[in-house]
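Hi,

Here's the structure I promised to hand over. Have a look at it first, and then read on for what turned up.

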Amino acid sequence: MELEVRFSAGKPKFIQIYESIRQEILIGTLQTDTQLPAKRTLAAQLNVSVITVQQAYDQLASEGYIYSIERQGYFVAALLEEWHEKESLTGELPAKQQAFIPAYNFKNGQVDAQSFPYKQWLPIYRETLKCLSPQNAPWQGEESLRRAIAQYLATARGLSCSEQQIFIFSGFQQQFMNCILFFKNGTMGMEEPGFIRAKSILQQLERPYQLIPIDENGCQVPECPLSCLYTTPAHQFPNGQIMPIQRRIELLNWAKQNQSVIIEDDYDSEFRYTGHPIPTLANLDRLQHVIYFGTFSKTLIPSLRISYIVLPVHFVQPFEEFNKHSKSTVSKVDQQTLAEFMRKDLYSKHVAKMRVLYRKKRARLLESIKSYLGPDFQVKGEEAGLHVVLELPNGMTEDAVIAKAEQHGILLDRVSVLYERQKPAHQIMLGYGEPSLDEIEQGIKKLAEIL
């Protein structure tokens with residue numbers, strides 16, 4: 001038998017011999033139990049050393065493509081199933097569209113990345129790298145960061161807790177999924193409309209949930225017992241209601257009477273523009289029936305991927321036991337950098353700075369809507385957060401406005417996807433975190449022109 005190998009530069013010859021024989025086996029040219037040329041014979045045929053052939057045969061044998069019989073030579077091994085290598089099927093996949101770079105990005109969930117405190121952050125990050133130990137961060141999160149978060153919550157949100165009650169996660173989806181798996185049974189309550197990623201996780205886990213309507217005071221009190229209720233009281237997503245104290249007390253009484261758990265997602269509470277900050281449900285409840293969700297995605301940048309939960313004391317040990325084989329998914333260096341950033345009071349100063357900036361952006365957005373779009377376009381949910389919902393006038397639909405805006409380089413968000421029942425067709429969402437003050441005005445002016 002002669003084996004033909006066409007050598008090319010840039011790759012060791014034994015690898016090329018190995019690949020050539022392997023290919024012949026996979027496509028069926030070399031069948032099971034076929035004897036391969038002796039090492040010296042093949043070396044002479046290919047004008048290479050015996051050692052080169054030996055290396056190729058050794059690699060084929062180690063991967064199970066051939067076997068050897070003492071004093072007889074090498075033979076093609078039998079594969080577990082008939083196998084014929086086919087051409088790559090990747091060509092059958094639809095080509096991904098190139099990323100669309102908008103002129104004006106009003107998508108929700110974006111922040112002003114230009115205002116990230118690089119000057120203060122980078123020296124701390126570099127110093128942390130120098131002293132970084134090789135071990136992973138503890139599953140619960142770096143103690144220094146959990147302690148800093150506890151101190152911040154006590155000052156900024158009036159929420160008293162210890163670092164033992166705080167667990168660090170890499171974003172909402174991970175922590176919400178972990179909590180849902182922890183509370184194994186029962187039906188969840190979800191705001192309607194509400195956060196689409198939360199509903200998506202419940203659907204993926206095939207967990208039953210009940211839609212709880214929203215009114216002018218935010219999430220209504222459920223009419224039946226539920227194991228858990230997810231709510232956004234500080235700034236209802238997406239409609240923006242700020243839950244008044246009476247409704248908060250009613251929800252807490254419901255949770256106590258039914259021995260239910262409330263997950264309070266405080267996703268953008270730092271940015272409230274009228275009045276004083278409203279106490280958290282967790283603070284009113286003294287962390288008995290409320291699990292508090294916090295994040296750094298809105299105050300710093302989403303790509304940092306650091307969020308946290310605060311558990312009632314009686315859940316801490318069972319939660320630790322439930323996750324005893326888990327490992328932290330959050331960068332240790334990022335955790336330690338953030339902890340030092342907070343310890344030096346740089347975080348509080350940064351939040352105060354961003355609150356001033358986003359207040360200006362909010363004012364520019366509202367002024368621009370009034371000036372260019374006029375009174376037929378009604379705004380709701382403007383008292384807090386980084387987005388508003390815009391009610392479209394008669395004759396305009398969400399689909400038409402979003403499609404037309406995108407044609408002119410303006411990205412907007414749908415509101416209808418956040419509803420499961422009675423989807424509105426005449427609302428859009430405007431996020432004002434990313435665009436500059438001038439871009440906000442020019443973007444709304446452009447939107448008015450095309451509409």
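First, a term: helices (H or I, at least four residues) and strands (E, at least two) are DSSP runs, numbered from the N terminus. Residues are numbered from 1 along each chain as its sequence is written. Bear in mind that this is a predicted model, where local features need pLDDT of at least 70, side-chain atom pairs count only at pLDDT 80 or more, and totals for chains, interfaces and linings use all residues, while side-chain values use heavy atoms, with hydrogens and water left out.

Most residues other than glycine have a negative phi, and most peptide bonds are trans. D33 sits in the loop between α1 (13-26) and α2 (39-46), and its phi is positive, about 75°, although it is not a glycine. D33 is partly exposed, at 47% relative accessible area (buried is under 20%, exposed over 50%, partly exposed in between, with a 1.4 Å probe and protein chains only). R71, in the loop between β1 (66-69) and β2 (73-76), also has a positive phi, near 65°. R71 is exposed, with a relative accessible area of 84%.

There are cis peptide bonds to look at, too. One joins E192 and P193, with omega about 5°; P193 lies in the loop between β5 (188-192) and α7. Another runs from F237 to P238, with omega near 15°, and P238 is in the loop between β8 (228-231) and α8 (245-258).

Next, the sheet. An open sheet of eight strands runs in the order β4-β11-β10-β9-β8-β5-β6-β7, with mixed pairing (two strands pair if DSSP finds at least two bridges between them). Its edge strands, β4 (166-169) and β7 (218-219), each pair on one side only. β4 and β11 (residues 307-310) run antiparallel and are joined by four bridges, with I168 opposite Y308 in β11.

Last, the largest pocket, which holds about 810 Å³ of space. Of the 35 residues lining the largest pocket, N108, G109, F195, R197 and K298 are the closest to its centre. A pocket here is an open set of points on a 1 Å grid over the protein atoms alone, where a 1.4 Å probe fits, with protein on both sides within 12 Å along at least five of seven lines; lining residues have an atom within 4 Å of a point. Grid points are joined across faces, edges and corners, and the volume is the space filled by probe spheres set on the points.

Happy browsing!
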